[in-house]
Amino acid sequence: MKSIPSKKKPFGVNRRRFLRDTALSSMAVILGTDIVFGHNLPKGMSILGLEDISASLPGKDGRLSILNDRPINAETPPYLLDDKITPGELFFVRNNGVAPVDVDVNNWTLTIGGESAKKEMVFTLAELKSKFKHYTYQLTLECGGNGRKEFNPPAKGNQWGLGAVGCSEWTGVRLKDVLESVGLKSNAVYIGYYGADTHLSGNADKDAISRGVPIDKAMEDESLIAWAMNGEDIPVLNGHPLRLVFGGWPASCSGKWLSKIVIRNKVHDGVKMTGQAYRIPCDTVGPGEKVADEDMCIIESMPVKSLITFPKTGGVISLKDQLPIRGHAWAGDQIVSKVEYSIDFGATWKSCEMSKPVNRHAWQHFNATISFPKVGYYEVWAKATDDQEVSQPMILPGWNPKGYLNNACHRIAIKVNK
Ligand SMILES: Nc1nc2c(c(=O)[nH]1)N[C@H]1C(S)=C(S)[C@@H](COP(=O)(O)O)O[C@H]1N2
Ligand SMILES: [Mo]
């Protein structure tokens with residue numbers, strides 16, 4: 001009698017054990033330690049976890065807000081994004097599947113192929129590092145769903161607040177140098193990525209996510225295949241040992257645990273490239289309206305946005321003191337031309353001092369010093385405008401079914417005492 005390979009048995013014992021084991025191994029990653037008697041845990045039962053599991057997200061600061069533990073999703077409260085360059089331990093995490101465990105850096109390979117590649121080539125990490133010139137850029141990554149929690153009617157998916165964004169210094173090789181060394185056919189229009197993470201179901205035949213970008217974006221100088229963040233290994237949850245980084249575009253384009261890139265002769269059709277994922281209605285729709293798949297367009301450059309990273313919301317100052325504020329602003333493929341603040345709920349605006357980006361797709365920094373006219377409760381609002389004269393809206397912009405691109409002004413509360 002022939003036996004069916006265990007992977008194919010849909011509800012077999014092996015598969016159930018496999019699923020349970022993947023769930024436990026992802027909890028072990030969160031805990032940062034082994035679940036010693038995990039194999040004894042009855043089927044269907046999950047472990048309690050430690051009280052403050054965020055403290056144990058490997059490579060992460062204990063103050064990140066955890067949205068989910070399977071897959072792991074964690075965001076950074078705005079006041080923790082105060083550094084000009086986001087430290088690795090404060091960089092948000094957005095996983096669609098289960099991160100690979102025990103990454104073997106010495107045997108890691110990146111395959112470049114696809115129907116519009118002139119040939120298929122496999123590079124080891126060492127070859128990537130030795131064959132191509134290294135570049136370092138500060139690149140802003142923001143999840144397309146950042147700010148989703150404000151949508152009304154609500155949109156399904158991670159209920160991100162403001163902190164699914166960061167700008168770190170990424171080091172790697174230019175994607176274009178690698179693609180050109182393999183050779184692109186003249187019909188190349190898109191690239192797609194594959195990573196070494198696994199689907200939540202544990203089904204090895206399914207990808208957690210496989211997105212990409214048009215060839216023009218892929219060939220930009222700042223589009224990197226990176227192995228370092230802020231001069232160190234990329235944190236495990238952010239894609240160690242290798243990831244794509246496309247600043248200014250939805251971070252979902254920036255494949256983590258990168259194992260393969262395909263050069264496509266059509267728009268890449270991997271997981272979360274099709275249907276309604278990472279797409280918005282091509283034409284504006286009313287709140288709650290249903291939109292047909294063919295009327296949804298892929299999100300490319302992210303909209304202009306800013307965050308007040310100092311002070312923390314809820315601060316108290318005395319009337320005789322002035323309040324310094326500061327933060328960052330970014331605008332996808334554009335540059336931010338000004339940031340203004342308001343202390344009267346948007347009736348009047350004053351300009352902030354602002355820096356130029358150190359390179360394309362790096363966020364810019366702003367600051368101002370505020371005097372308040374009398375004691376009471378205030379909100380400080382910040383509003384950025386890009387070089388196309390497009391400003392952030394004060395409230396939630398165009399509703400869309402999946403809750404993307406909320407770039408409404410950030411507000412903080414301040415109480416002024418005598
Ligand atoms: N392989 C792989 N790459 C991925 C993802 C993923 O789940 N698996 N998530 C994407 C999404 S939706 C986002 S927003 C960013 C998040 O990057 P970060 O976790 O480093 O912040 O990674 C993208 N790249
Ligand atoms: Mo995302």
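Colleague: In which sense do strands S19 and S20 pair, and over how many bridges?

Modeller: The model is predicted. Within it, Glu-340 stands opposite Ser-351 in S20. Strand S20 comprises residues 350–351. S19 and S20 pair in the antiparallel sense, over 2 bridges.

Colleague: Which residue of S23 is the bridge partner of Val-339?

Modeller: S19 also pairs with strand S23, which spans residues 376–386. This pairing is antiparallel and extends over 6 bridges. In S23, the bridge partner of Val-339 is Ala-384.

Colleague: How many of the 7 residues of S19 are buried?

Modeller: Strand S19 covers residues 336–342 and is mostly covered. A residue counts as buried when its relative accessible area is under 20%. In S19, the number of buried residues is 5.

Colleague: Which strand gives the most to the lining of the largest pocket?

Modeller: The largest pocket holds about 430 Å³ of space, and 22 residues line it. S23 and strand S24 (410–417) each supply at least two residues of that lining. With 4 residues, the strand that gives the most is S24.

Colleague: Between which domains does the largest pocket lie, and why?

Modeller: Among the lining residues, Glu-150, Leu-162, Asn-406, Cys-409 and Arg-411 lie nearest the centre of the largest pocket. Residues of two domains contribute to the lining, so the pocket lies between domain 2 (105–298) and domain 3 (305–417).

Colleague: How many charged residues are in the lining of the second largest pocket?

Modeller: The second largest pocket has a volume of about 320 Å³. Its lining has 17 residues, and those nearest its centre are Arg-94, Asn-96, Gly-157, Lys-272 and Lys-402. By class, the lining has 6 nonpolar and 6 polar residues, and the number of charged residues is 5.

Colleague: How many nonpolar residues does the lining of the largest pocket have?

Modeller: The lining of the largest pocket consists of 22 residues. Of these, 6 are polar and 6 are charged, while the nonpolar residues number 10.

Key
Residues numbered from 1 in each chain as written. Chains lettered and ligands numbered in written order. Predicted model: local features only at pLDDT ≥ 70, side-chain atom pairs only at ≥ 80, totals over all residues. Heavy atoms only, no water. Buried < 20%, exposed > 50% of the residue type's maximum accessible area, 1.4 Å probe, protein only. Pairing = 2+ DSSP bridges. 1 Å grid on protein atoms, 1.4 Å probe; cavity = no way out; pocket = protein on both sides within 12 Å on 5 of 7 lines; lining within 4 Å. Points joined across faces, edges and corners; volume = space filled by probe spheres on them. Nonpolar A, V, L, I, M, F, W, Y, C, P; charged D, E, K, R; others polar. Domains from an automatic or database assignment.
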